[in-house]
Amino acid sequence: MNPLEFICAHAPFNLLPSETLGQVERGLEITFFPKDSKVLERNGPKSQHLYMIRKGTARLERDGQVVIHLEEGDIFGYPSLISQDAPAFDVVAEDDLLVYRWPETVFRRLLEHPPFAVFFTKGLAERLRLVAPSQEPRIVNIDLSLAVGELVTRPPVFVARDATVQEAAQVMRKYQISSVLVEGSPLGILTDRDLRNRVLTEGKGPETPLVEVMSAPAKTLPASTPLFEALAFMVEQGIHHLPLEQDGQIVGVVTDTVFMRQQTRSPLHLLRRLERTRSLDDLKGYAKELSGIAESLLAGGLGASEIGRSVSSLNDQLIRILLRQAEERLGPAPTPYAWMVFGSEGRMEQALLTDQDNALVYSEASPDAQRYFAELAEYVVGGLIEAGFPPCPGGYMATHWHKPLAEWQKLFQHWIETPTPQELLEAQIFFDFRKVYGALSLEPLEKIVASSGEHAIFLAHLAKASVQFRPPIGFFRKIREEDGGVDIKKGGIAPIVSLARVHALEAGSLTKGTVERLRAAARENKLSQEGAETLIEAFGFLMRLRLRQQLASMRQGLPPSNKIQLDYLSSLERRHLKEAFLQIREMQEAMSQRFHTDRLG
């Protein structure tokens, strides 16, 4: 490979237009640095060149500590060129180093080209934000970022609040529509499903007052809501008709059939299938269909966070259906209860089916309650396994974790006050809990979790446990030669989730999602705004890379994995991945210093 071919194969030179390549070639200098020599010196003379490593490796050091390793195709020297300040790091040749370099005058001419300039002049968060929408080709028929109001094709149809069921049905037939809105406050809605389920199956007559069977208040969204948010909202709420408002007025109703016409693999397709579930046999193929939906949404330009929200909402509906089936089999529960999920499902970040993480809380302890909820948990966990959810290897499932509320309160309080290392792990798992079903309020547990931010020792131990997973900042070349991949969950996703959890608890926030936690921490000044935005964009980038490769593996008949094959990434993606790992490592170091984790036993 000649020099120019090598240069243009690596970011950001691969972003330059072809007419500039003559400048790149004419300005190129080739130089050599022997092993252990300093290419640039911290606080020394400012850099005079932009450097790219052709052969060999180098390391960035600060106070004798290695910050990151550089290898073939990596560039350096530009922060000093741009700021006109002394280098912030020592750049030391790890072994004999052959480098390409360009004088400052050439570099500044190349900066006149915006895509090239963005690489050097924007922070990691902004660069990741810019590339995210164009990562995947759009192969669906609709832009999911459009306003949902764009799908409205007719004005809304209303009936009077004192109308009968028969009159409402006649209006629906007249206009060939599947729902009507009911005038008055609060706004009501009657759908074809309501006619079947609340009128016909209940044996009600045509003179039944409409107000007895309508849904009120109707669930609405602004017409300006992006399609993907409207889609997620309908799945979360389990509704098929969505009235839209604008300037205080209802401007139309969109139905699930609109989305299903636009997308062959829509979450609402699967929602309809779930509603028809009558036995555990009906759940076969759920996992495959869910992965198809995730792939469709990814190809439609959605971020991994939005996909996770849609997938988690579908999984919530599945759990509710299984719990209702269990109640029908076992009879009414002897005491109020709540089913909760945690882990990625609790944070609504589950893009594909992973191990189950669930538990059950019931109000009053009794032998009948213990027996009933043990059987209910067995049925639901078994149903989830049938649907494709593997059992949790650690046993964090309701079959093992079903207790009265009072016991859960004691357990949560103990985790905060005197946890063992194992109990600290359990606190990290269970403090991401989210209620999915049941009449029992979990506010007492929420209050205990919220109070954990006032316990400095607990937060310090949680911070120490959170930095056990460290991003790999060594040589990507070595990783590629050995097994080709990095565990992106352990190296990137899990550390960000842990950072977000600790800072959000410190801020007293009860939000569960990683992105929401980071924003809450920034609002309370527990994390800098820049740091939060960097972690948010890095989290989305890492989640998207993992989902993309997992879906590719599944298409090949292979099980999904957290390991990312570096050879499948573009030069720019590898660069962003390395920078993301570095930013995560620095944020971990900052958190360790903030909570003085080195003083803990």
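In which sense do strand β10 and β11 pair, and over how many bridges? In this predicted model, with residues numbered from 1 along each chain as its sequence is written, local features need pLDDT of at least 70, side-chain atom pairs count only at pLDDT 80 or more, and totals for chains, interfaces and linings use all residues. Side-chain values use heavy atoms, with hydrogens and water left out.

Strand β10 (residues 179-182) pairs with β11 in the antiparallel sense, over four bridges; pairing requires at least two bridges found by DSSP between two strands. Helices (H or I, at least four residues) and strands (E, at least two) are DSSP runs numbered from the N terminus. L181 stands opposite I189 in β11. The open sheet has three strands in the order β9-β10-β11, with mixed pairing. Because β9 (158-159) and β11 (188-191) are edge strands with a single partner each, one side of each lacks a neighbour in the sheet. Helix α7 (residues 165-175) lies across β9, β10 and β11 and runs at about 130 degrees to β10.

Helix α22 (residues 514-523) and helix α23 (residues 529-555) have axes that come within 9 Å and cross at roughly 175 degrees. Axes are lines fitted to C-alpha atoms, for helices over the stretch in contact, and angles run from 0 to 180 degrees between N-to-C directions. The two helices, α22 and α23, are therefore roughly antiparallel (angles over 145 degrees). In contact (heavy atoms within 4.5 Å), T514, V515, L518, R519 and A522 of α22 meet Q529, A532, L535, I536 and F539 of α23.

Notes
Parallel < 35°, antiparallel > 145°, perpendicular 65-115°, else oblique.
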